[in-house]
Amino acid sequence: MEEEYLLVDPVSRELSTEAGKVVEEAAAELGDRVTTELTAYQIEVRTRPHQTLAGLAEDVRSLRASVARAAARLGLRIISSGSPVLGQQTPPPITSGPRYAQSVSTFRALDDEQSVCACHVHVGVPDLTVALDISNHLRPWLPTLTALSANSPFWQARDTGYASWRTVTWWRWPIAGPPPFFESPRHFEDLVDSLIATGSIMDRGGLYWDIRPSHHVPTVEVRVADAASTVHDTVLLAGVVKGLALRALKATSEGTPAPRPQQEMLRAASWRAARDGLAGEAVDLTTGHLVPAISQVRRLLADAERALPLNDASYVGTYGSRLITGGNGADRQRAAHARRSSLNDVVDCLISATKPTDE
């Protein structure tokens with residue numbers, strides 16, 4: 001797992017530009033498992049590989065605790081949210097370094113609204129063929145994963161009307177959103193080479209699809225989710241992705257072809273999921289009709305749970321039910337705001353939720 005956090009001042013509740021200092025402080029304990037990101041507001045952490053959700057949960061708790069302590073020593077706090085609530089500048093302060101400088105030179109104002117945070121799930125695979133098989137089978141589930149994980153309703157101190165504004169912002173990159181259906185590894189390689197040749201991406205790290213073969217580790221990487229507010233939200237996402245990947249492997253071994261929804265319908269469904277989250281309607285890609293979003297999420301959770309080992313299935317069952325009852329991160333952010341119409345309360349809610357002790 002990779003988690004991204006935003007750094008905030010606990011008094012003003014606005015973003016802080018001291019991410020580099022916090023990373024330096026936390027690195028004394030975490031080494032290269034903590035790093036900076038594109039803007040000076042963001043911090044990224046990486047867990048170790050795990051085979052069980054229980055082990056992953058403990059790792060996520062430990063990482064959050066370490067970074068939170070480092071931030072606190074500098075009088076700051078971390079929040080795990082897909083978007084900032086208060087205090088972002090446009091353009092944002094960009095972290096120094098050659099890659100980020102190249103990004104600004106290449107993509108220019110596209111970098112101006114990228115102070116957004118995601119949660120990435122890596123699933124180990126033996127080769128590119130298996131990675132693409134999993135990608136093809138998971139494509140139809142990407143909108144539902146967006147609805148489940150939506151946690152970015154606020155932007156520039158206002159409610160955007162979207163459950164996941166990060167999703168909409170992220171789609172501005174040249175190569176982003178749902179990936180194509182890949183016919184073969186050669187199809188993938190030829191497309192990537194063409195994209196690099198056109199300058200649409202700087203290198204393979206610039207493939208910002210919602211799911212992609214990783215360019216630096218032997219995994220398929222699911223990148224569709226907003227940064228999750230709580231440890232259990234993060235680990236629930238990992239469990240669902242693991243279950244879907246196991247289902248995909250089983251389908252491939254049995255010769256079951258992956259569904260092939262039209263790219264335009266898949267993107268439309270993803271947009272609808274980003275807007276409505278759990279509360280509205282979703283596109284059923286098998287029929288093209290609108291259905292209650294919550295019914296799609298229930299089906300997703302059930303399918304993933306059935307594919308998982310017993311202990312992992314129990315985790316997904318327990319915390320999936322809590323999410324259905326209590327809402328996703330966007331619902332909780334809006335509930336915090338509704339109590340007193342206070343954006344400060346939203347930030348305070350996120351500070352509290354991000355702490356591993358809230359579990």
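This briefing describes selected salt bridges and the surroundings of one proline. The structure is a predicted model. A total of 26 salt bridges is counted in it, among them a pair formed by Asp159 and Arg334. A further topic is Pro185, which is located in helix α7.

- Asp159 and Arg334 form a salt bridge in which the closest N and O atoms are 2.9 Å apart.
- Because Asp159 belongs to strand β7 (residues 158-159) and Arg334 to helix α12 (residues 329-340), this pair ties together parts that are 175 residues apart in sequence.
- Asp159 is partly exposed, its relative accessible area being 34%; Arg334 is also partly exposed, with a value of 25%.

**Other salt bridges**
- Arg340 is joined to Asp345 by a salt bridge, with 2.7 Å between the closest N and O atoms.
- Within this pair, Arg340 is exposed at 61% relative accessibility, whereas Asp345 is buried at 14%.
- The side chains of Glu44 and Arg46 form a salt bridge with an N to O distance of 3.5 Å.
- Glu44 counts as buried because its relative accessibility is 8%, under the 20% cut-off; Arg46 is partly exposed at 27%.
- A network of salt bridges links Arg272, Arg275, Asp276 and Glu281.

**The surroundings of Pro185**
- Pro185 lies in helix α7, which covers residues 185-198.
- With a relative accessibility of 27%, Pro185 is partly exposed.
- Beyond its neighbours within four places in sequence, Pro185 contacts Leu128, Thr129 and Leu132.
- Pro185 and Leu128 are 57 residues apart along the chain, and their C-alpha atoms are separated by 6.5 Å.

How values were computed: Residues numbered from 1 in each chain as written. Predicted model: local features only at pLDDT ≥ 70, side-chain atom pairs only at ≥ 80, totals over all residues. Heavy atoms only, no water. Helix = DSSP H or I, 4+ residues; strand = E, 2+ residues; numbered from the N terminus. Buried < 20%, exposed > 50% of the residue type's maximum accessible area, 1.4 Å probe, protein only. Contact = heavy atoms within 4.5 Å. Salt bridge = Lys/Arg side-chain N within 4 Å of Asp/Glu carboxyl O.
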